[in-house]
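Welcome! Please take a look at the view below, and then read on.

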Amino acid sequence: MFKVGNISIEKAILLAPMEDISDVSFRVVCKELGADVVYTEFANAEGLIRKSEKTHKKLEIVEEERPVGIQIYGSGVESMAAAAKIAEEENPDLIDINAGCWVKNVVAHGAGAGLLKDPPFMQKLVKEVVDSVSLPVTVKTRLGIDSDSIQILEVAKRLEDVGVKALTVHCRTRVMGHKGEPDWDWIPRIKQVVNIPVVLNGNVLTPQDVKKAFDETGADGVMIARGAIGNPWIFYEAKQILANGSVTSVVDENLKIKTCLRHLLLAVKIKGEKRAVLEHRKFYSGYLKGLPFAAQVRKELMTVIEFNLVEDILLKYLESLKQEAVETIIN
Ligand SMILES: Cc1cc2nc3c(=O)[nH]c(=O)nc-3n(C[C@H](O)[C@H](O)[C@H](O)COP(=O)(O)O)c2cc1C
């Protein structure tokens with residue numbers, strides 16, 4: 001059971017924090033398609049304290065996406081506590097601390113997975129954050145720095161001891177980055193040493209993986225990152241598999257194209273038309289995957305910067321697919 005503050009969900013399916021992906025528009029779409037809990041992309045503590053507009057924007061949340069967690073990262077005890085208070089003002093449902101980012105720049109400053117180098121210090125930092133806010137605090141981390149230094153059991157206990165309300169474990173080490181097989185076998189072992197909810201993350205790429213992850217590990221939640229990019233229906237399909245054992249309602253071209261447009265329209269409202277349309281280009285290959293002539297349509301979409309033109313191209317494309325389906329039936 002993923003029980004954190006007022007949230008109480010059996011077999012929770014969570015959308016991962018992802019920089020430049022998990023913004024409000026994407027989170028709302030994932031929520032509408034079944035994500036139980038969503039997280040903002042990480043916001044830098046120093047940036048929040050400096051009142052950087054760009055960093056502060058990452059804290060924006062909307063009612064429709066609740067429950068939502070704001071994720072922060074940094075390596076200073078005082079700055080993280082201060083950043084958590086700033087995040088709390090936005091009134092999310094929880095605050096998440098990033099202790100898993102593997103990127104060199106972040107780790108070099110002792111933040112993200114860099115915190116795993118010194119579990120007692122990590123515990124001190126997390127305690128300060130927990131003590132400085134009234135919202136529940138959760139942590140997202142990795143197994144350890146490398147395969148010779150897996151300290152997740154010690155880390156989990158230390159974090160529970162200072163009042164962390166749930167732990168998400170990306171079942172890889174820092175040196176693995178996003179490559180290699182994650183080791184899900186750690187999840188049941190972590191659950192044996194702590195009583196807080198434990199969320200599995202790492203290579204949950206299909207709806208079937210979601211069921212497998214719950215069945216094999218007994219995790220309280222499963223967090224999806226890359227598997228949701230351009231594919232937010234993974235939540236919708238996973239929910240069906242958990243309820244009925246199989247996907248009973250397939251995602252057709254209508255849902256694919258309408259979701260792509262809905263995501264873009266939400267982004268336009270939040271970021272403005274030009275930026276939203278340009279940033280949406282990274283999602284087309286996912287949204288149109290498996291549809292006929294998708295490469296041609298994608299190429300056309302890359303040439304436009306207005307929402308209306310994107311809409312025109314996609315709706316005409318949808319009509320042509322329907323027409324083709326009718327012709328196939330007649331012939
Ligand atoms: C584009 C991208 C951005 C990411 N940004 C964040 C982030 O801001 N915070 C975080 O904790 N993890 C971040 N991650 C890591 C993911 O949340 C997740 O832990 C990782 O991708 C493994 O899950 P997956 O195998 O389902 O992709 C990011 C991953 C990707 C691919």
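Leaving aside neighbours within four places in sequence, which residues is Ile-270 in contact with? They are Val-24 and Ser-25, where a contact means that two C-beta atoms, placed from the backbone, lie within 7 Å. Please keep in mind that this is a predicted model, in which local features need pLDDT of at least 70 and side-chain atom pairs count only at pLDDT 80 or more, while totals for chains, interfaces and linings use all residues. Residues are numbered from 1 along each chain as its sequence is written.

**Overall build**

- The protein has 15 helices and 11 strands; helices (H or I, at least four residues) and strands (E, at least two) are DSSP runs, numbered from the N terminus.
- Along the principal axes, the C-alpha atoms fill a box of roughly 70 × 45 × 35 Å.
- A compact globule of 331 residues would have a radius of gyration near 20 Å, so the 21 Å of the protein agrees with that. The radius is taken over C-alpha atoms, and the globule rule is 2.2 Å times the number of residues to the power 0.38.
- Of the 331 residues, 46% count as buried. A residue is buried if 20 or more other C-beta atoms lie within 10 Å of its own, exposed if 12 or fewer, and partly exposed in between, with C-beta atoms placed from the backbone.
- Among contacts between residues at least 6 apart in sequence, 67% join residues at least 24 apart.

**Two domains**

- The protein is divided into domain 1 (2-244) and domain 2 (253-330), with bounds that come from an automatic or database domain assignment.
- The C-alpha centres of domain 1 and domain 2 are 31 Å apart.
- Nine residues of domain 1 are in contact with 11 residues of domain 2. On the domain 1 side, those touching domain 2 are six nonpolar, three polar and no charged residues. Here Ala, Val, Leu, Ile, Met, Phe, Trp, Tyr, Cys and Pro count as nonpolar, Asp, Glu, Lys and Arg as charged, and the others, Gly among them, as polar.

**The nonpolar core**

- The largest nonpolar core has 98 residues, and those with the most contacts inside it are Ile-72, Val-169, Val-199, Leu-200, Val-222 and Ile-224. Each of domain 1 (2-244) and domain 2 (253-330) gives this core at least three residues. Such a core is a set of buried Ala, Val, Leu, Ile, Met, Phe, Trp, Tyr and Cys residues joined through C-beta atoms within 7 Å.
- Neighbours within four places in sequence aside, Ile-224 is in contact with Ile-13, Leu-15, Ala-16, Val-204 and Ile-234.

**Around the ligand**

- There are 22 residues around the ligand, and Ala-16, Met-18, Phe-42, Ala-225 and Arg-226 come nearest. A residue is near a molecule or strand if its C-beta atom, placed from the backbone, lies within 6 Å of it.
- This shell has nine nonpolar, nine polar and four charged residues.

**Residues in helices**

- Ile-270 is found in helix H11 (residues 253-271). Ile-270 counts as partly exposed because it has 16 C-beta neighbours inside 10 Å.
- Tyr-317 belongs to helix H15 (residues 307-330), and its 21 C-beta neighbours inside 10 Å are why it counts as buried.

**Residues in loops**

- Between helix H3 (53-57) and strand E6 (68-73) lies a loop that holds Pro-67. A cis peptide bond joins Arg-66 and Pro-67, with omega about -5 degrees.
- Lys-58 lies in the loop between H3 and E6, and it counts as buried because it has 25 C-beta neighbours inside 10 Å. Setting aside neighbours within four places in sequence, Lys-58 is in contact with Thr-40, Glu-41 and Ala-43.
- Asp-20, in the loop between strand E3 (12-15) and helix H1 (24-32), has a positive phi of about 65 degrees although it is not a glycine. With 9 C-beta neighbours inside 10 Å, Asp-20 counts as exposed.
- Asn-203 sits in the loop between strand E10 (198-201) and helix H9 (207-217). Its phi is near 60 degrees, a positive value in a residue other than glycine, and with 20 C-beta neighbours inside 10 Å, Asn-203 counts as buried.
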